[in-house]
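Student: I'd like a close look at one part of this model, please. Could you walk me through it slowly, with the cut-offs included?

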Amino acid sequence: MTLALSDRASAALPFPPTRQGRESRAGFARIAVPPPGGDYQITVSDGAWLNVFADGRPLAPLAFTGVHACPGVRKSLRFRLPSGEAVLVVTDAAGSGLGVVIDPVGP
């Protein structure tokens, strides 16, 4: 999907990011996680700060990678998401849209 971003002041983020960063573009997406939950990888096309919240709390990533030389893929983070709703909060982005892929990571 392409996540539409706006200036941070008008993005109406449901949760504050875990770092203040600079004034920039921001947005969020709600993620429906089917039972029983599990590990998910979130990959974005450009530089941005990513937080994932579940039950109102920020989740720590299990792993992350970042590349500068791969067009269209800037970084990937893995999170263990409980079933229900999770919220991806994006801040510190430069553009008006960000490519996002969210995939379950199976055994």
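Student: Let's take D92: is D92 buried or exposed, and what is its relative accessible area?

Tutor: Happy to. First, the ground rules: this is a predicted model, in which local features need pLDDT of at least 70 and side-chain atom pairs count only at pLDDT 80 or more, while totals for chains, interfaces and linings use all residues. Residues are numbered from 1 along each chain as its sequence is written, and side-chain values use heavy atoms, with hydrogens and water left out.

Now to your residue. D92 is buried, because its relative accessible area is 3%; buried means under 20%, exposed over 50%, and partly exposed in between, with a 1.4 Å probe and protein chains only. D92 is found in strand β9, residues 84-93. Strands here are DSSP runs of E with at least two residues, numbered from the N terminus. The strand as a whole is mostly covered, with 8 of the 10 residues of β9 buried.

What surrounds D92? Contact means heavy atoms within 4.5 Å. Leaving aside residues up to four places away in sequence, D92 touches R8, R19, Q20, G21, R22, S24, R25, G47, A48 and W49. With one of these, R19, the side chain of D92 makes a side-chain to side-chain polar contact at 3.0 Å. A polar contact is a pair of N or O atoms within 3.5 Å; within protein, one must be able to donate a hydrogen and the other to accept it, and residues adjacent in sequence count only if both atoms are side-chain atoms.

Next, the strands that pair with β9. Two strands pair if DSSP finds at least two bridges between them. Strand β3, residues 25-33, runs antiparallel to β9 and is joined to it by 8 bridges; there, R25 has A93 as its bridge partner in β9. β5 also pairs with β9 in the antiparallel sense, over 6 bridges, and W49 stands opposite T91 of β9. R25 and W49 are both among the residues that D92 touches.

Stepping back, β9 belongs to an open sheet of 5 strands with antiparallel pairing, in the order β2-β3-β9-β5-β6. Its edge strands, β2 (6-7) and β6 (57-58), each pair on one side only.

Terms used
Helix = DSSP H or I, 4+ residues; strand = E, 2+ residues; numbered from the N terminus.
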